[in-house]
Amino acid sequence: MASVLRGGESSILNGLGLAAATFLTLILGLGALSLGQIGSVTAVSLEMRDVALPKLLAVNEIEIALDAHALLARRRVQVTDFRQAADIDREMRRAAARFLTGIERLDQLTLGARALEVEQSLEAAWLEYLAALDRVGRLYERGALVDAEAAMQDSVRVAEADVRRSVSDLVDVVQAEAAGISAAAEREWQRARVLTLGALLAGLAATLLTMRWVVRRVSRPLLAISAAMRRLNRGEDAAILPVLPGRTDEIGILAEAAAAFRDSVLEARALAADLELQREILAASVRNMPLGLCMLDELGRVAVSNRALAEIFDLSPADCAPGVAQRDLLDRLAARVDRGRKSAGEFSTGIAATVARGDQMTGTWQLMAGGSVSVIIQPTPDGWMMIAEDITERVSHEANIRHLARHDPLTGLPNRRAFSEEIDRAIAEAGAECPAAVLFVDLDRFKNVNDTLGHGIGDALLRQVAARLSWAVRDADTVARFGGDEFAVIQRGCVQPEGARGLGERIIALLSSPFEIEGNSLRIGGSVGVALAPGDGDCVADVLRNADLALYAAKAAGRGQCLFFDPEMNARQRALQKLEHDLRQAVLSDAFVMEYQPLFDIASGDLVGAEALMRWIDPVRGRVSPAEFVPMAEELGLIVPLGARALEMACADAATWPAHLKVAVNLSPVQVHRVGVIEDVRAALAASGLAPRRLEVEITEGVLLDHGPEVLGTLDALHEMGVQIALDDFGTGYSSLGYLRALRLDKVKIDISFVRELENDPSAAAIVRAVCSLCASLDIGVTAEGVETAEQLASVAAAGCIEAQGFYLGRPGAAEIIAGLAGAALQGGRGVA
């Protein structure tokens, strides 16, 4: 390149020598004029160099800084890693600084009025753009990623467009100013040439041709090449070299050499930029990767390490910085790792030996400070590398999954799966002389707590029950929860059955004590069924089934019981299964009839109606009482069709009675909780033609335990139809005087348990009198149930009851019997037979 330049200089000197000889005679005359024109051209050129060009460079820097800043801003909202976000924020600050530097350079130059106006608009748009980005940043920091992305697409994009518009306007203004200066330079140049040529026209044609040749063939190409090379040296890759086709002289060779030099420079710069980009990407990846990385060279010194490695092992950056010796690094790692029985030296030596052999090492290290790290150590062509990953959370999560697979999430007790495995071990360890006991525990009245106080209180109650059961057993025993309110216990190493009986009674006593939960004093109780292994079963399935049968028997015996399994329970279970099968068949074949118990007005002795009682006519069992099949029908979901059938039959029979008699039909809680019960009642009345006022539906207090809007709405709808509502068995269970105020009741029926005690228990009589007095004030009738003697009839009459029913007054019979009793009355204190 230097030789070409020297050849170009020789050609220029030859041309200038010829021009000097030609101009020699004219120098004195034209010197003053030429100097003046040259001065003018020089002044305009200097203005181009010192004013227009710096403005263009400043505007170009502003535009480049804006492009960089906008690109980084869009990447910023897409990055979730805080380290990458920090790097991008730093680059955005640098781009903003370059933007402001360009503005400051413009301010140092002389600007026209239009340029100043556009510059001020650009600064305002830049501030609005930064403010919009700041709002997006605050949304991003709060975690509102969707809102941040929306703001980025809306307000930031608009602000960025405003800045770009202002930059474009500024470029146009500056280019216009540069174009004006360039035009002035061109004018000065043209003027000088015209004057020079005008002065030389009179006899200097040869000189003119020589000068034109020098200018066109040497000066201009050389100046263009020189200007392009200067721009290229300043880093302007867009520098354009003149195209000189057909030139084979020194200028042509110089132009070709300059083009080759420009291409090599551009290629080198592109390669350097690509290498720098790759280096930055690699460095950023290593620096920000979540895995810890450390690479050592062939001399055993750290070549590369990242921040994650130091954070995982709680090292300072200097502990694993480049240049640290292998021995020092391993010793520092050994101080952080739980090495078991190995010393720090043995730990370090073992790793060094593995590396020296070129073997790979993988494993999980436990840290002294707590936590788990997965480590891979493997050789590299010029040393070795270690990759570490903090897997503490994963290990904890896997342990939690294993725990949840075998434990109840609410109480933390073992679940059915873990309990079954424990029974297997207990059976294997037990013998005939020292059997293991399996106790099934079921909570009494737990559903009432859930229904009335909500599942939150119910869950808290279950946790307290689990705590009491755990307290009641020994360390060798196992307590588990099967789900719902079912718990189970394995008792080992005790003399049986005494040990299981004592534990069962202790559990019942603990469960009978009140539970205090969020200001509520709850009383529930529990029942316990016990099976002994291996006596009551030599496999898990048999032991669990027999313990369940014992629990069912304990609940059937009146709850609050602890019963042991005996073989007769299997027979009873089979009988229950047979009852279930027969009941399903009876529903399909409509094997039910209705009987009616008479109801009398105590004051007049007149028959006022009857209570409908459904009977199941079974070919083997005969007439089956509702007390035997209704609970099972409710459990099997058969009570709904049975209840609808009872309404249909009772209304049809009552329609044949005298018009003043009414019929009472019991509705189970399951029916009342169905919205469809209203349609059942309406259909029965429509089919029979019975007046709604002659139908009385009886509900129990169990219906009212959950007297939510649906239940109250059902009762109100029935009342609006004209059907009367009676509260049956009042005085038992969860009786509340609040029912009398909250519900639209027509009648309250005093339970038989109070009627039997009226003569012997003054408190029972006082309660009945109080209920009668309260109901009278609320215009609610009171009926006494289960009157079996004349004395009881006299007592309920004295207490204030309006109506009565019972065996003393009349036993249940067919519908025709009720019609025949329509004219009967209570005679001489005796009931109607």
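Predicted model: local features only at pLDDT ≥ 70, side-chain atom pairs only at ≥ 80, totals over all residues.
Val-373, for instance, stands opposite Asp-390 in β5. Strand β4, which covers residues 372–380, is joined to strand β5, residues 383–390, by eight bridges, and the two run antiparallel.

These strands belong to an open sheet of five, arranged in the order β2-β1-β5-β4-β3 with antiparallel pairing. The edges are formed by β2 (302–305) and β3 (361–366), each of which pairs on one side only. From one strand to the next, the twist averages 20 degrees. Helix α10, made up of residues 344–357, packs on this sheet and touches β3, β4 and β5, while its direction makes about 160 degrees with that of β3. In general, the strands of a sheet pair through backbone hydrogen bonds, in either a parallel or an antiparallel manner.

A search of the whole structure finds eight aromatic pairs. One of them is edge-to-face, because the rings of Phe-419 and Phe-482 have their planes at 75 degrees, with their centres 5.3 Å apart. Since Phe-419 lies in helix α12 (residues 416–429) and Phe-482 in strand β7 (residues 478–483), the pair ties together parts that are 63 residues apart in sequence. Both Phe-419 and Phe-482 are buried. The ring of Phe-482 also has a charged neighbour, as the charged end of Arg-416 sits over this ring, 4.0 Å from its centre.

For Tyr-596 and Trp-657, the ring centres are 5.2 Å apart and the planes stand at 85 degrees, so this pair is edge-to-face. Tyr-596 belongs to strand β13 (residues 592–601), whereas Trp-657 is found in the loop between α19 (639–654) and β16 (662–666), so that the pair links distant parts of the chain, 61 residues apart. Tyr-596 is buried, as is Trp-657.

Elsewhere, Phe-99, Trp-126 and Tyr-129 form one aromatic cluster. A further charge is placed over a ring at Phe-515, where the charged end of Arg-468 sits 3.5 Å from the ring centre.

Methods: Residues numbered from 1 in each chain as written. Heavy atoms only, no water. Pairing = 2+ DSSP bridges. Helix = DSSP H or I, 4+ residues; strand = E, 2+ residues; numbered from the N terminus. Axes fitted to C-alpha atoms, helices over the stretch in contact; angles between N-to-C directions. Contact = heavy atoms within 4.5 Å. Phe/Tyr/Trp six-rings, centres within 6.5 Å; stacked < 30°, edge-to-face > 60°. Buried < 20%, exposed > 50% of the residue type's maximum accessible area, 1.4 Å probe, protein only. Lys NZ or Arg CZ within 6 Å of the ring centre and 35° of its normal.
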